[in-house]
Every structure is written in structure tokens, then in C-alpha cells.
Amino acid sequence: MASGGCLCGDVTYEYDQEKSTAALHCHCRDCQKVTGSGKATIVLFPEDAVSIAGAFKQYGALGSDGSHVNRGFCPRCGSQMFTHIDEMPGFVFVKAGSLNDSSWVKASLNCWESTASPWSPGDGQLPGAERNPDL
């Protein structure tokens with residue numbers, strides 16, 4: 001099992017890297033807002049492949065495509081680590097920047113290229129999707 005967590009260490013998690021099903025760069029406006037950058041790099045896991053320790057809070061909102069998105073973050077330092085989407089039960093998106101070792105992550109897709117900022121365009125070496133892909 002590998003691990004990750006928030007900046008202050010109050011919320012940590014372990015995950016089974018072998019069970020990762022996808023990694024992608026999301027350029028939707030919501031990901032831009034919550035990260036304060038041009039994109040969020042996220043790794044998709046079955047929920048049972050990630051074990052979370054510590055109390056985190058969630059912020060729920062409608063996503064860019066109308067899905068019900070619940071973003072998990074540390075209530076002390078504000079680090080965002082997880083995203084649960086009601087329409088994708090049984091899965092969790094983990095922010096790659098919260099992994100203690102993210103050297104293994106290989107994004108395979110840019111999504112929401114239609115809203116990518118000019119100063120942070122999609123990776124031209126990867127396939128792109130205008131909106132959310134079918135995962």
C-alpha cells in the first residue's frame with residue numbers, strides 16, 4: 001500500500017496503486033477554481049482501494065456537466081484530496097498532488113479542453129476530450 005495526505009498531516013490515506021483505473025488532467029472551470037491553477041490531475045480508484053484516516057470535510061456542488069460532485073478536503077489546512085461523484089458510485093478521484101509519491105502517475109487524457117486556460121493548455125502529447133470522457 002502507498003500513501004498520501006494533506007499538507008498538515010491531519011488527513012492521510014493509503015491506496016493500492018495497482019487498482020488505479022485511470023489518470024487524467026481535468027481543465028474544467030470547477031477544477032481550475034478549486035486548485036487555483038489551470039487543471040487538476042486526478043487518479044481514479046475503486047473506493048475499496050483507498051483507505052482514509054482522519055476527519056475530512058466535503059463540499060458538494062453541481063459539476064460543469066451537471067453531476068453531483070463532493071470534494072473532500074482537510075478542515076485544518078484546506079488541502080483538497082478526494083472527489084466523489086454521486087453518478088459514479090464505488091469510485092473515488094484522488095488528487096495526484098496529494099500522493100506522497102506521484103512518480104508513477106501517467107495521465108492518459110486531457111478532459112474539458114474546451115475550457116482550458118490559454119496559459120495552461122492541454123498536454124498536446126495526450127488525447128483530448130471537449131468535456132467529460134466515458135471512464
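Biologist: How many salt bridges does the rule count here?

Modeller: Side chains of opposite charge can pair when their charged atoms come close. With a salt bridge taken as a side-chain nitrogen of Lys or Arg within 4 Å of a carboxyl oxygen of Asp or Glu, the count comes to 1 salt bridge. The side chains of D10 and R76 meet in it, at 3.4 Å from N to O. The pair links distant parts of the chain, 66 residues apart, with D10 in the loop between β1 and β2 and R76 in the loop between β7 (68–73) and β8 (80–85). This is a predicted model, where local features need pLDDT of at least 70 and side-chain atom pairs count only at pLDDT 80 or more, while totals for chains, interfaces and linings use all residues. Residues are numbered from 1 along each chain as its sequence is written, and side-chain values use heavy atoms, with hydrogens and water left out.

Biologist: In what order do the strands of the open sheet lie?

Modeller: Strands are DSSP runs (E, at least two residues), numbered from the N terminus, and two of them pair if DSSP finds at least two bridges between them. Here 3 strands form an open sheet with antiparallel pairing, in the order β1-β2-β5. Its edge strands, each pairing on one side only, are β1 (2–5) and β5 (50–53). Between β1 and β2 (residues 12–15) there are 4 bridges, and G4 has Y13 in β2 as its bridge partner.
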